[in-house]
Amino acid sequence: MSSLLELPITFTDQLLKKLDRESLFVLRKVCSGLRNYIERVQPDYNIKTIRIVVHLRKVQVWFSADIDNSIFYEQGCLVRKGNKETLLANEDFIKICVDDMKVILSQQTQVLSRFSLYLKFDCPEITGYSEQLQEGLHQILKSRKTPIKVRNLELSALGQEEILLFLPFFELSGFFELSISLYSSIGRTGNELLDLSEIEKLDQWKLARTVQISNVNSVYIPSFSHFQKVSVSFSSVSFNDLAVLEEIFIHNPNMQKFLFYYQEFDENQLLEHLGEPQRGRLDHHSLNHWHIRIPRSQQVIHILTSFCHRRFIFYRENLTKVPIGFDILN
């Protein structure tokens, strides 16, 4: 009986086009000949979204926006999608995951709408294979001749070193959104701050227009001055930090919203400089409002804060949006 590799090339190519990506992954594992043939042909996997999440004893991967349409690589080694399971004896489930990701990432030419990577380091067992997965993905990205084009990039990693393993290998496309989260690991204080000194030098940072990032020192507020929308958490902020942020809104007309959470802040300083806040009739009692006129414009900086939630939001708004009866500070 003839093998699949002995069939006419045109027939084999047409067969590959009719297989979904999971079937192609399985076919690659049949033998080295099929694996080499598939990698040489480079079929179109039609992937727009990639999301990788590390769990305890398994890795979950989505190749689409459908959260229910995911593949699990489990300790065992078991590869599971829905009710379909494939047991690969004597195999490392992280290695299998990395091998499948190599096929996708090495051949990806279309712009991804989103790439998400959630590495976890909150227990020794997860730390071990998070590091193994991290190194495997880094080597794949490093081996590409060109960066992967992406519109939204999410990285949840341990710190600056891990983030720098991935961020340089993605190319911005269109309106680019960058999300970075910081995990603390076992044995650390849990309050370690992300160092932006190297990250802010990258084009990926300079060209992004929306950013979400956690655990940053407020000294880096000027590093966000080119963004349009920012969501960030600081360990502490001072009134001087708020003054710097006000200057950013004045001098960068593209800055629309700056939301930040904090752990420490002297509320009395704010009240001393801006006076008592104003509240709308429909506002929750914890919401405080100030409106500061932007010089030589018909716009204001709307400062909204909830001290009980340790949150500030700076908005850019037109004067016409200020409610009747609210004061406008100069």
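What percentage of the 330 residues in the protein chain do buried residues make up?

1. Overall make-up. In this predicted model, buried residues account for 46% of the 330 residues in the protein chain. The chain has 9 helices and 14 strands, and, among its contacts with a separation of 6 or more, 56% come from residues 24 or more positions apart.

2. Strand E6 and its two partners. Strand E6, which covers residues 114–118, has 4 of its 5 residues buried, and it is therefore largely enclosed by the rest of the structure. Strand E1 (residues 49–55) pairs with E6 in the parallel sense over 5 bridges, and within this pairing Ile50 stands opposite Phe115 of E6. Strand E7 (residues 148–157) also pairs with E6 in the parallel sense, in this case over 4 bridges, with Ser156 in E7 as the bridge partner of Tyr118.

3. Glu154 in strand E7. A reader may wish to look at Glu154, whose place is in strand E7, and which is buried because its relative accessible area, 16%, falls under the 20% cut-off. The side chain of Glu154 is joined to that of Tyr118 by a polar contact of 3.3 Å. Once neighbours within four places in sequence are left aside, the contacts of Glu154 are Arg114, Phe115, Ser116, Leu117, Tyr118 and Ser179.

4. Helix H4. Helix H4 (residues 93–107) has 15 residues and reaches 22 Å from its first C-alpha to its last, which is close to the 21 Å expected at 1.5 Å a residue. Because 11 of its 15 residues are buried, H4 is largely enclosed by the rest of the structure; the buried residues include Ile94, Cys97 and Val98, as well as Asp100 and Gln107. At the start of this helix, a side-chain oxygen of Asp92 comes to within 2.9 Å of the backbone nitrogen of Ile94.

5. Leu133 in helix H5. Which residues does Leu133 touch, not counting residues up to four places away in sequence? Leu133, found in helix H5 (residues 124–143), is buried, with a relative accessible area of 0%, and it touches Ile52, Val54, Val59, Ile94, Cys97, Val98 and Leu119. Leu119 lies 14 residues from Leu133 in sequence, and the two are 8.6 Å apart in space, C-alpha to C-alpha.

6. The largest nonpolar core. The largest nonpolar core has 77 residues, of which Phe224, Phe258 and Phe260 touch the most other members. Helix H4 gives the most to this core, with 8 residues. Domain 2 (45–215) and domain 3 (217–329) both contribute residues, so the core lies between them. As a general background, nonpolar side chains tend to be buried together in soluble globular proteins.

7. Phe258 in detail. With neighbours within four places in sequence set aside, Phe258 is in contact with several other phenylalanines, namely Phe224, Phe234, Phe249, Phe312 and Phe314, and also with Val230, Val232, Leu245 and Ile313.

8. Strands E9 and E10. Strand E9 (residues 210–216) is mostly covered, since 5 of its 7 residues are buried. E9 pairs with strand E10 (residues 229–236) in the parallel sense over 5 bridges, and in E10 the bridge partner of Thr210 is Lys229.

Note on methods. Residues numbered from 1 in each chain as written. Predicted model: local features only at pLDDT ≥ 70, side-chain atom pairs only at ≥ 80, totals over all residues. Heavy atoms only, no water. Buried < 20%, exposed > 50% of the residue type's maximum accessible area, 1.4 Å probe, protein only. Helix = DSSP H or I, 4+ residues; strand = E, 2+ residues; numbered from the N terminus. Pairing = 2+ DSSP bridges. Core = buried A, V, L, I, M, F, W, Y, C linked by side-chain atoms within 4.5 Å. Domains from an automatic or database assignment. Contact = heavy atoms within 4.5 Å. Expected span 1.5 Å × (residues − 1). Polar contact = N/O pair within 3.5 Å; in protein donor to acceptor, adjacent residues only side chain to side chain.
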